[in-house]
Amino acid sequence: MGIMGTNKSALNEQDGIEQPDSFNNTAAQKLMQNRKKKQEVAQLFTGIKAGDKTALSRSITLIESTASHHQALAKELIALCLPLANKSQRIGITGVPGVGKSTFIESFGKLLTSKNHKVAVLAVDPSSTLSKGSILGDKTRMEELVKDENAFIRPSASGDSLGGVARKTRETIILCEAAGFDTIIIETVGVGQSETTVHSMTDFFLLLKLAGAGDELQGIKRGIIEMADTIVINKADGENVKAAKLAKVEFNRALHLYPPKESNWTPKTVTCSALNNEGIEKVYEIITDYIYQTKASQYFNHKRTAQNKFWLLQTIESQLKSDFYANPLIKKELKIQLALIDENKTTPFEAAEVLMKIKGYS
């Protein structure tokens with residue numbers, strides 16, 4: 001038999017090399033997981049567009065998650081929602097603890113829904129610096145508003161983010177707007193730098209004050225009045241009525257000490273009793289006038305653009321900080337430098353320079 005006869009099989013088509021079952025299973029599992037994730041994002045987006053509060057809540061939870069795979073899904077979801085966003089009025093409300101923010105927001109929110117507005121309340125609860133826990137009790141304090149089908153209340157733990165404002169509040173605003181909420185109320189903890197942060201993401205900034213609590217001068221001293229578009233003296237009822245009227249006069253005087261706002265808006269001072277639902281309508285009228293005036297002058301859009309630029313820089317800073325501390329070499333060297341500081345063998349500035357050199361920043 002010749003060579004061709006003995007090697008006949010060499011001319012036949014050979015089967016490819018079979019992959020191990022484990023390889024095929026892993027690839028198939030990954031493919032299935034990716035499909036499942038995309039389906040999950042699509043379902044959440046469909047629910048949000050339909051105004052489904054459950055889908056909205058689940059989406060916000062996804063955004064607030066620090067897990068990397070959740071963050072990837074959250075980015076996809078935000079990208080889908082973005083074209084439907086930016087169609088609301090954003091109102092920031094701040095004030096010291098005990099000023100009656102929750103009571104005021106409930107009364108104000110009920111008034112808005114009675115006027116066919118859809119209201120989303122993003123209430124940021126202070127986190128304990130020790131336990132890192134939060135009470136998240138805003139839903140229990142707003143018993144009536146939470147039952148309203150045109151209202152959505154989302155308490156979030158402030159964590160360690162700037163000024164106690166939840167790190168993902170801006171993304172949450174986008175989701176709420178995509179879900180059809182035309183009024184977004186952001187309640188701050190009322191301590192630290194939270195006022196500045198909320199001011200940088202809202203159209204209208206409302207400052208709640210108490211009369212007769214030594215709060216008048218404190219407000220002036222902190223300079224928060226300069227940011228306020230309206231000051232509302234709450235709890236103007238019973239024996240507090242006279243003190244509230246006096247506080248109104250004092251704050252009006254203080255407002256004249258500040259230079260004109262870029263918006264050309266003259267801040268107002270009013271009194272109200274959120275508990276008795278008095279004066280809430282007046283606050284609504286002021287906000288409506290402000291929105292109308294600033295839109296007519298184009299300041300409304302100018303401010304939104306400026307805020308977006310500000311948050312671009314803030315996001316970059318946040319990402320750089322996160323990447324820096326997540327670096328394995330930094331983690332290792334940081335422990336060494338902290339130990340050297342404990343032993344007084346280096347200074348914080350020298351230690352920082354060592355760490356920065358690792359990342360090539362110095």
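Let's start with Leu-320, which is partly exposed at a relative accessible area of 45%. You'll find Leu-320 in helix H12, residues 299-326. What is it part of on the surface? Together with Leu-312, Leu-313 and Ile-316, Leu-320 makes a nonpolar surface patch of about 380 Å². Please keep in mind that we're looking at a predicted model.

While we're talking about that stretch of sequence, have a look at Phe-310 and Trp-311. Phe-310 is partly exposed, with a relative accessible area of 36%. Trp-311, on the other hand, has 17% relative accessibility and counts as buried, because the limit for buried is under 20%. I'll return to this couple in a moment, once we've talked about rings.

Now let me zoom out. The protein chain has 14 helices and seven strands. Of its 362 residues, 42% count as buried. The accessible surface comes to about 20,900 Å², and carbon and sulfur atoms account for 55% of that.

On to the aromatics. How many aromatic pairs does a search of the whole structure find? The search turns up six. One of them is Trp-265 with Tyr-290: the ring centres are 5.2 Å apart and the planes stand at 90°, so this pair is edge-to-face. The pair links distant parts of the chain, with Trp-265 in the loop between H10 and S7, and Tyr-290 in helix H11, residues 280-296, 25 residues apart. Are these two buried or exposed? Trp-265 is buried, with a relative accessible area of 5%, and Tyr-290 also counts as buried, at 2% relative accessibility.

Here, as promised, are Phe-310 and Trp-311 again. Their ring centres lie 5.7 Å apart with the planes at 90°, so this pair is edge-to-face as well.

Back to Tyr-290, please, if you have the viewer open. Tyr-290 and Trp-265 form one aromatic cluster with Phe-204. Which residues does Tyr-290 contact, once we leave aside neighbours within four places in sequence? The list is Asp-203, Phe-204, Asp-229, Ser-263, Trp-265, Tyr-299 and Lys-303.

Ser-263 is found in the loop between helix H10, residues 241-255, and strand S7, residues 268-271. Why does Ser-263 count as buried? Its relative accessible area is 5%, and the cut-off for buried is under 20%, so Ser-263 qualifies. Not counting residues up to four places away in sequence, Ser-263 touches Tyr-290, Gln-293, Thr-294 and Tyr-299.

The charged end of Lys-118 sits over the ring of Phe-181, 4.7 Å from the ring centre. Likewise, the charged end of Lys-295 sits over the ring of Phe-300, and there the distance to the centre is 4.9 Å.

Let me turn to backbone angles. Which residues have a positive phi although they are not glycines? Asn-116 is one of them, with a phi of about 65°. Asn-116 has its place in the loop between helix H5, residues 101-114, and strand S2, residues 119-125. With a relative accessible area of 69%, Asn-116 is exposed, because that is over 50%. Gln-298 is another non-glycine with a positive phi, of about 70°, and Gln-298 lies in the loop between H11 and H12.

Finally, helix H7, residues 169-178. How many of its ten residues are buried? Nine are, so to speak tucked under cover: H7 is mostly covered. The buried ones are Thr-169, Arg-170, Thr-172, Ile-173, Ile-174, Leu-175, Cys-176, Glu-177 and Ala-178. Just after H7 comes Gly-180, which takes a positive phi of about 95°.

That's my tour, and I'm happy to take questions.

Terms used:
Residues are numbered from 1 along each chain as its sequence is written. This is a predicted model: local features need pLDDT of at least 70, side-chain atom pairs count only at pLDDT 80 or more; totals for chains, interfaces and linings use all residues. Side-chain values use heavy atoms; hydrogens and water are left out. Helices (H or I, at least four residues) and strands (E, at least two) are DSSP runs, numbered from the N terminus. Buried means under 20% relative accessible area, exposed over 50%, partly exposed in between (1.4 Å probe, protein chains only). Contact means heavy atoms within 4.5 Å. Patches are made of residues with over 30% relative accessible area and no salt bridge: like charges are joined within 9 Å, nonpolar side chains (Val, Leu, Ile, Met, Phe, Trp, Tyr) within 5 Å. Accessible areas come from the Shrake-Rupley method with a 1.4 Å probe; for residues, only the protein chains shown count as cover. A salt bridge is a side-chain nitrogen of Lys or Arg within 4 Å of a carboxyl oxygen of Asp or Glu. Rings of Phe, Tyr and Trp (its six-membered ring) pair if their centres lie within 6.5 Å; planes under 30 degrees apart count as stacked, over 60 as edge-to-face and the rest as tilted. A charge sits over a ring if NZ of Lys or CZ of Arg is within 6 Å of the ring centre and within 35 degrees of the ring normal.
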